[in-house]
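Here's a quick briefing to read with the model open in your viewer.

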Amino acid sequence: MPMFEPSKRDGIVGFDGGGDGHVLDLDTAVKDGVLGGGGFVVSVGGVVGTGGGGGEKLDLRMMIEELDLSEVPSVFICPISLEPMQDPVTLCTGQTYEKSNILKWFNLGHLTCPTTMQELWDDTMTPNRTLHHLIYTWFSQKYLLMKKKSEDVQGRAAELVEMLKTVKSQARVQALKELRQVVAVHATARQTLIDKGGITVVSSLLGPFTSHVVGSVAIAILVNLSLDSESRMNLMQPAKISLMVDILNEGSIETKVNCTRLIKMLMKDKDFRSEIVSSHSLLVGIMRLVKDKRHTVGVLPGLSLLRTICLHEEARGLIVSIGAVPQLVECLPSLDNECLELALCILDALSSLPEGVLSLKDCSKTIPNMVSLLMRISESCTQYALSILLSICKLAPEECSSIALDAGLAAKLLLVIQSCSDPVLKQQSSELLKLCSLNYSDTIFISKCKLSRTIQ
């Protein structure tokens, strides 16, 4: 039985669409929008015509990979891999597959059609050249359109960079906004901006007399770029950092997130000075972002920046002084796992300071929250929570041990000792359990632990 029957429609050869009784030909494909145009020939130089011109053809695999389209006509998709076909072949059942995929199916010992599960009375695979032509033409048109758009946005990005060197007032704002839209979507535009010296141009717009409108858009552009060391050093000028902090405290949620991301990018530079982030206004702005329950999109970038700042010991005391400890402890129950780990990391770093551990002890929710997190989220969370509890209980053994035992600490510590694979966590758990027992006789300690008879 033949694999597919060519059909004639207006003199054009068609092909079997894949076993569902639908015959797709070039004319129908154009009408239905599968191709979006008629029988084109595409060459590497981007020449599109109706003739049979020469020129080296574009590579189909390369086009599929570079386009990475989420929506492709279903008839182009291999039923096995669910990926676009590059070498379609049709079986005797009328079903079409990517050749390499159906060969793997046969090599596994299957003698059936994967889609219909019919036994094959003929294992011949017939190349479906018409379908291949349709796939190739469709992807070629998409690829050339993408290349043309890419060239257009590159040219426009270069024009906008030149405009920013001369225009003022509202024209500058409009040029910046357009540039922001272009670089946010197109990687080629971002590279063009960098190549044309756009980072220096945009960075020069940030200063003590810059309006928040211009500053917000400029920051939105810079945060999408790969900044070299020289660019980061330029942006670390006090006047520029001061503007970022002001915008962080007064801008929209999107602008606040962009400010935190940009400041974090600057902190990666080896020449970064900790005094730059030792700013009361900056830390207050970050904490506002973290606590904003209406716009939770800012919590993760805010905590991420705060953790990076905590790596600088000089800034930790200032973080404690603005009341960050009780605010972070208050937020813990509402955070997702990623944010929770960041918050615990910050609190653990702050517990290394005398004023930090005192602030943790004075917060009534610290011990219950930390106990509840042991062996609950991840080993890292358990490590941070255990370290914080150990610091607090060492500061005030009698007071804190009683609160911790009432919160169910003993059972959690025994669970860590029994189940955790990290010897350091086991050792810390044993140390904390011993510390909590020092003020009680064995009988009273066991009764306060509220353990089951089996655990006792």
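Throughout, contact means heavy atoms within 4.5 Å. Keep in mind that this is a predicted model. The protein chain comes to 23 helices and eight strands, and 48% of its 456 residues are buried. Take the contacts between residues at least 6 apart in sequence: 63% of them join residues at least 24 apart.

**Helix pair α18 and α19**

- Helix α18 covers residues 366-373 and helix α19 covers residues 379-395; they pack at an angle of about 145 degrees, with axes 9 Å apart.
- The crossing of α18 past α19 is left-handed.
- On the α18 side, the residues involved are Thr366, Ile367, Met370, Val371 and Leu373, and they meet Thr382, Ala385, Ile388, Leu389 and Ile392 of α19.
- Sorted by class, this α18 to α19 contact has eight nonpolar residues, two polar ones and no charged ones.

**Helix pair α5 and α8**

- Here the angle is about 25 degrees, with the axes of α5 (residues 169-185) and α8 (residues 212-222) lying 9 Å apart.
- That angle makes α5 roughly parallel to α8, because angles under 35 degrees count as roughly parallel.
- α5 goes past α8 in a left-handed crossing.
- From α5, the contact takes in Val173, Leu176, Lys177, Leu179, Arg180 and Val183, while α8 brings Val213, Val214, Val217, Ala220 and Ile221.
- The class count for α5 with α8 is nine nonpolar residues, no polar ones and two charged ones.

**Serine 169, in α5**

- Serine 169 is found in helix α5, and it's exposed, with a relative accessible area of 59%.
- Its phi is positive, at about 50 degrees, although serine 169 is not a glycine.

**Helix pair α10 and α11**

- The axes of α10 (residues 238-250) and α11 come within 8 Å of each other and cross at roughly 145 degrees.
- This one is a left-handed crossing too, with α10 passing α11.
- α10 makes the contact through Ile241, Met244, Ile247, Leu248 and Asn249. The α11 residues taking part are Thr255, Lys256, Cys259, Thr260, Leu262, Ile263 and Leu266.

**Threonine 255, in α11**

- Threonine 255 sits in helix α11, which spans residues 253-267.
- Is threonine 255 buried or exposed? Threonine 255 is buried: its relative accessible area is 10%, and anything under 20% counts as buried.
- The side chains of threonine 255 and serine 252 are joined by a polar contact of 3.1 Å.
- If you leave aside neighbours within four places in sequence, threonine 255 is in contact with Ser216 and Ile247.

- Serine 279 belongs to the loop between α11 and α12 (280-291).
- With a relative accessible area of 19%, serine 279 is buried. The cut-off for buried is under 20%.
- A polar atom of the serine 279 side chain lies 3.2 Å from the backbone nitrogen of leucine 282.
- Not counting residues up to four places away in sequence, serine 279 touches Val245 and Leu318.

**Glutamate 230, in α9**

- Glutamate 230 has its place in helix α9 (residues 229-235).
- At 66% relative accessibility, glutamate 230 counts as exposed, the threshold being over 50%.
- Which residue is 39 residues from glutamate 230 along the chain, with the C-alpha atoms separated by 9.5 Å? That residue is aspartate 269.

**Methionine 117, a loop residue**

- Methionine 117 is found in the loop between α3 (99-107) and β8 (126-127).
- Methionine 117 isn't a glycine, yet it has a positive phi of about 60 degrees.

Note on methods:
Residues are numbered from 1 along each chain as its sequence is written. This is a predicted model: local features need pLDDT of at least 70, side-chain atom pairs count only at pLDDT 80 or more; totals for chains, interfaces and linings use all residues. Side-chain values use heavy atoms; hydrogens and water are left out. Axes are lines fitted to C-alpha atoms, for helices over the stretch in contact, and angles run from 0 to 180 degrees between N-to-C directions. Helices (H or I, at least four residues) and strands (E, at least two) are DSSP runs, numbered from the N terminus. Angles under 35 degrees count as roughly parallel, over 145 as roughly antiparallel, 65 to 115 as roughly perpendicular and the rest as oblique. A crossing is left-handed if the near helix is turned anticlockwise from the far one by less than a right angle, and right-handed if clockwise. Ala, Val, Leu, Ile, Met, Phe, Trp, Tyr, Cys and Pro count as nonpolar, Asp, Glu, Lys and Arg as charged, and the others, Gly among them, as polar. Buried means under 20% relative accessible area, exposed over 50%, partly exposed in between (1.4 Å probe, protein chains only). A polar contact is a pair of N or O atoms within 3.5 Å; within protein, one must be able to donate a hydrogen and the other to accept it, and residues adjacent in sequence count only if both atoms are side-chain atoms.
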